[in-house]
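Dear colleague,

Please find below the structure that I am handing over to you.

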Amino acid sequence: MSKRIEWVNAAGERRCAGCETYMAPELFNKGGPHAPGGLYRYCKACQARKDRAWYERNKAQAKAKAEAWRKAHPEQSRASHRVASRVWQMNRKLAREAREQREP
Ligand SMILES: [Zn+2]
């Protein structure tokens with residue numbers, strides 16, 4: 001708590017919260033309610049990496065959840081295609097959102 005992080009250095013470069021490097025503001029995405037100066041705390045490269053990691057995590061989670069459900073309800077296997085379809089739709093939505101964030 002004693003050391004205050006300078007988000008902008010004397011040259012006007014911003015500090016990325018991810019790679020902790022000072023760089024030009026153009027290398028940061030705009031937006032973020034808590035972002036100092038109206039720019040994200042993560043540079044574009046770090047943000048893209050974070051988004052991709054989040055997507056991969058959620059994709060794996062959704063798949064595991066569907067798999068677990070199928071194993072827990074073998075007698076309802078006929079109904080399971082509905083769950084699979086929901087997971088597929090969710091994956092599509094996540095993929096679209098991740099794509100939109102990478103290419104605004
Ligand atoms: Zn960064």
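The notes below cover confidence, overall layout, the core and a few individual residues.

This is a predicted model, in which local features need pLDDT of at least 70 and side-chain atom pairs count only at pLDDT 80 or more, whereas totals for chains, interfaces and linings use all residues. Residues are numbered from 1 along each chain as its sequence is written.

Confidence is expressed as pLDDT, the predictor's confidence in each residue, from 0 to 100. The protein averages a pLDDT of 85, and 86% of the residues score at least 70. Confidence is highest in strand E2, at 96, and lowest in helix H2 (residues 80-102), at a mean of 81. Where pLDDT is low, the predicted coordinates should not be read in detail.

As to layout, the protein has two helices and four strands, and their order along the sequence is β-β-β-β-α-α. Helices (H or I, at least four residues) and strands (E, at least two) are DSSP runs, numbered from the N terminus. Among contacts between residues at least 6 apart in sequence, 39% join residues at least 24 apart; two residues are in contact if their C-beta atoms, placed from the backbone, lie within 7 Å.

Burial is judged by counting other C-beta atoms within 10 Å of a residue's own: 20 or more makes it buried, 12 or fewer exposed, and anything in between partly exposed, with C-beta atoms placed from the backbone. Of the 104 residues of the protein, 6% count as buried. The largest nonpolar core has five residues, namely Cys16, Phe28, Tyr40, Tyr42 and Cys43. Strand E4 (residues 39-43) gives the most to this core, with three residues. A nonpolar core here is a set of buried Ala, Val, Leu, Ile, Met, Phe, Trp, Tyr and Cys residues joined through C-beta atoms within 7 Å. Leaving aside neighbours within four places in sequence, Cys16 is in contact with Thr21, Met23, Tyr42, Cys43 and Cys46.

Several loop residues also deserve a mention. Glu20 lies in the loop between strand E1 (14-15) and strand E2 (22-23). Its phi is near 55°, a positive value in a residue other than glycine. Most residues other than glycine have a negative phi. Glu20 counts as exposed because it has 9 C-beta neighbours inside 10 Å. Glu20 and Arg41 are 21 residues apart in sequence and 9.8 Å apart in space, C-alpha to C-alpha.

Gly31 sits in the loop between strand E3 (28-30) and E4, and counts as exposed because it has 10 C-beta neighbours inside 10 Å.

Leu27 is found in the loop between E2 and E3. Leu27 is partly exposed, because 15 other C-beta atoms lie within 10 Å. Beyond its neighbours within four places in sequence, Leu27 is in contact with Cys43 and Lys44.

Finally, Ala60 belongs to helix H1 (residues 44-72). With 10 C-beta neighbours inside 10 Å, Ala60 counts as exposed. Ala60 and Asn91 are 31 residues apart in sequence and 9.7 Å apart in space, C-alpha to C-alpha.

With kind regards
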